[in-house]
Amino acid sequence: MSPRTNESAPEGEPDEVTTADEQGPGQSAPSGARETARPAKAGPQPPQDAGDPEPEEVLPVADERVAAVRRVSASTRRWRAAQLGLCAASLALALTAGAVIVGALRDGSGTAVAATTGAVSPELLAGGDLDASITSLQAHLRTQPKDFDSWATLGLAYVEQARTKGDPSRYPQAQQALDRSLKLRPDNESALAGRAALAAARHDFTGALTYADKVLKENPYSERALSSRIDALVELGRYTDASKAADLADSRRPGVPVFTRYAYVHELRGDVKTARRVLQQALDTATSRGDVSYVAAALGQLAWNQGDYDSALKYYARALAADDSYLPALEGRARAQAAKGDQAAAIKGMEQVVERYPLPQPLVELGELYEARGHAGDAQKARDQYALVTAWVSLAHSYGVNADLDTALAAADHGNRGDALKAARAEWARRHTVHTADALAWALHVNGRDNEALPYARQATATGYRNASFLYHRGMIERATGHEKEARASLKSALDLNAGFSPLGARAARKALGEAK
């Protein structure tokens with residue numbers, strides 16, 4: 001996934017839509033995930049209207065499939081890949097009964113929820129514990145079920161909870177809460193903005209753009225809609241339009257959410273200096289823990305992309321000082337430690353990440369760290385991580401999340417190559433971004449179709465975006481097509497930019513350069 005999809009910059013509260021993953025601009029940190037040919041509505045849908053649902057009907061219970069993925073991820077047993085494949089299939093086919101609950105309000109741990117006297121505003125979600133804020137909203141809506149604005153805030157909170165916990169089972173609850181808000185007050189701004197965030201989290205970026213534009217038609221100064229519009233345009237590959245949207249948003253609502261997106265648009269066009277300056281400005285003005293952790297992690301990701309591992313670790317430490325459980329910072333720190341040669345710390349850190357958040361990118365990264373270490377049993381451990389990607393993708397599909405980009409990237413190197421190409425082609429049919437161009441190029445390459453791959457590899461690097469993996473992929477494809485001089489230049493550029501971009505990819509790049517001498 002693109003780095004900014006799953007984890008997007010906070011919009012009053014931490015957003016995501018990184019989810020993933022890339023989580024709008026996020027790190028995926030949060031831009032940042034921060035995708036599939038199946039329609040976005042493949043997952044469980046809200047029930048048909050049979051009268052107003054009670055508030056508790058849209059309150060979540062833990063999906064056993066999510067817990068199963070986490071248990072397998074944390075397990076020390078040496079599962080065979082075939083066993084994990086069966087696990088993935090069972091996860092995907094498991095019934096979703098119980099996704100909504102009727103009865104006493106409970107939080108995810110089964111603890112009874114205490115009543116509160118007032119609603120929780122979206123802004124409060126950024127400054128405190130997200131789960132506690134959701135609990136307060138749930139209790140408030142038990143006593144004030146006609147509060148359309150709180151329903152919208154609850155929907156947004158579920159989207160954020162899904163993103164930060166790597167749990168797509170929250171998306172149906174988010175959809176139901178937003179639908180309830182719109183039923184109570186048609187076309188209200190908060191719910192439409194929530195719909196945009198939900199669409200982006202499910203990687204339906206065309207839908208996200210439609211909802212954002214609808215909000216902006218009524219309120220041209222909506223920070224959330226301005227931010228969502230930039231995110232959607234970036235993820236659709238409309239970079240010129242995204243740049244204009246970022247300039248407009250900066251003129252209307254300057255602040256951390258807009259600054260982070262403005263920076264990412266410049267990074268995509270190769271203007272790292274401006275991206276760094278704007279992110280530093282955002283960090284200097286950040287006040288909430290959510291803002292500080294997001295912006296500091298974004299600066300860490302930017303530094304790591306340029307091979308400045310010491311600066312990356314400094315920024316990740318700043319992010320974790322604000323929120324010691326912040327996923328992009330934990331993952332980024334492990335990645336920087338690996339690049340600096342601290343393999344033990346990197347593996348330990350990434351193991352902690354996937355035990356809590358078994359998402360495709362960290363699962364693949366942990367698997368590659370095992371492969372690179374090469375201890376007894378590491379090859380099987382690596383295969384286990386790659387198999388868990390399949391489990392997560394199956395789970396995501398069942399909740400309407402488009403996961404073709406995740407599939408393409410993971411399967412090309414560590415799975416079924418035919419599946420990788422099928423997924424990459426499906427994703428390219430939906431959106432032409434630098435990340436989808438790179439994924440399609442690499443999927444074509446591993447399937448032996450290098451002449452087809454080369455134009456896509458060149459398109460992935462055409463904007464000036466400085467990404468060592470993209471340069472490595474282009475170099476290997478140039479080498480396979482007989483462009484030896486260009487291949488050597490691309491591979492050298494990848495290693496000069498970020499010599500630790502991938503434990504396996506960097507090793508392959510060095511080997512290819514050695515053979516080319």
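This is a predicted model: local features need pLDDT of at least 70, side-chain atom pairs count only at pLDDT 80 or more; totals for chains, interfaces and linings use all residues.

Visitor: What does UniProt list for residues 293-326?
Guide: An unreviewed UniProt entry lists "repeat: TPR" there.

Visitor: Why are H5 and H6 called roughly antiparallel?
Guide: The axes of helix H5 (residues 148-165) and helix H6 (residues 170-184) cross at roughly 165 degrees. Angles over 145 degrees count as roughly antiparallel, and H5 and H6 are therefore described in that way. Their axes come within 8 Å, and the crossing is left-handed.

Visitor: Which residues make the contact between H5 and H6?
Guide: On the H5 side they include Phe148, Trp151, Ala152, Leu154 and Tyr158. On the H6 side, Arg170, Tyr171, Ala174, Ala177 and Leu178 are among them. By class, the contact of H5 with H6 has 13 nonpolar, 4 polar and 3 charged residues.

Visitor: Where is Arg195, and what is in contact with Arg195?
Guide: Arg195 is in helix H7 (residues 189-201). Leaving aside neighbours within four places in sequence, Arg195 is in contact with Leu178, Asp179, Leu182 and Tyr211. Leu178 also belongs to the H6 side of the contact with H5. Ala152, on the H5 side of that contact, is 43 residues from Arg195 along the chain, and their C-alpha atoms are separated by 9.0 Å.

Visitor: What makes Glu235 and Arg431 a salt bridge?
Guide: A side-chain nitrogen of Lys or Arg has to be within 4 Å of a carboxyl oxygen of Asp or Glu. For the side chains of Glu235 and Arg431 the N to O value is 2.9 Å, so the pair meets the definition.

Visitor: How do you know that the pair links distant parts of the chain?
Guide: Glu235 is in helix H9 (residues 223-235), while Arg431 is in the loop between helix H20 (417-430) and helix H21 (434-446). The two residues are 196 residues apart.

Visitor: How many salt bridges does the structure hold?
Guide: The structure holds 17 salt bridges.

Visitor: Which residues of H19 and H20 meet, and how do the helices cross?
Guide: The axes of helix H19 (residues 404-414) and H20 come within 8 Å and cross at roughly 145 degrees. H19 passes H20 in a left-handed crossing. Asp404, Leu405 and Thr407 are among the H19 residues that meet H20, whose residues there include Arg417, Asp419 and Ala420. By class, that contact of H19 with H20 has 8 nonpolar, 1 polar and 5 charged residues.

Visitor: What makes H22 and H23 roughly antiparallel?
Guide: The axes of helix H22 (residues 450-460) and helix H23 (residues 468-480) cross at roughly 150 degrees. The cut-off is over 145 degrees, and H22 and H23 are therefore roughly antiparallel to each other. Their axes come within 9 Å, and this crossing is left-handed.

Visitor: Which classes of residue are in the contact of H22 with H23?
Guide: Residues that meet include Asp450, Ala453 and Leu454 in H22 and Phe470, Arg474 and Ile477 in H23. By class, the contact has 7 nonpolar, no polar and 4 charged residues.

Technical notes:
Residues are numbered from 1 along each chain as its sequence is written. Side-chain values use heavy atoms; hydrogens and water are left out. Axes are lines fitted to C-alpha atoms, for helices over the stretch in contact, and angles run from 0 to 180 degrees between N-to-C directions. Helices (H or I, at least four residues) and strands (E, at least two) are DSSP runs, numbered from the N terminus. Angles under 35 degrees count as roughly parallel, over 145 as roughly antiparallel, 65 to 115 as roughly perpendicular and the rest as oblique. A crossing is left-handed if the near helix is turned anticlockwise from the far one by less than a right angle, and right-handed if clockwise. Contact means heavy atoms within 4.5 Å. Ala, Val, Leu, Ile, Met, Phe, Trp, Tyr, Cys and Pro count as nonpolar, Asp, Glu, Lys and Arg as charged, and the others, Gly among them, as polar. UniProt positions are given in the numbering used here, feature names are shortened, and annotations may be inferred rather than shown by experiment.
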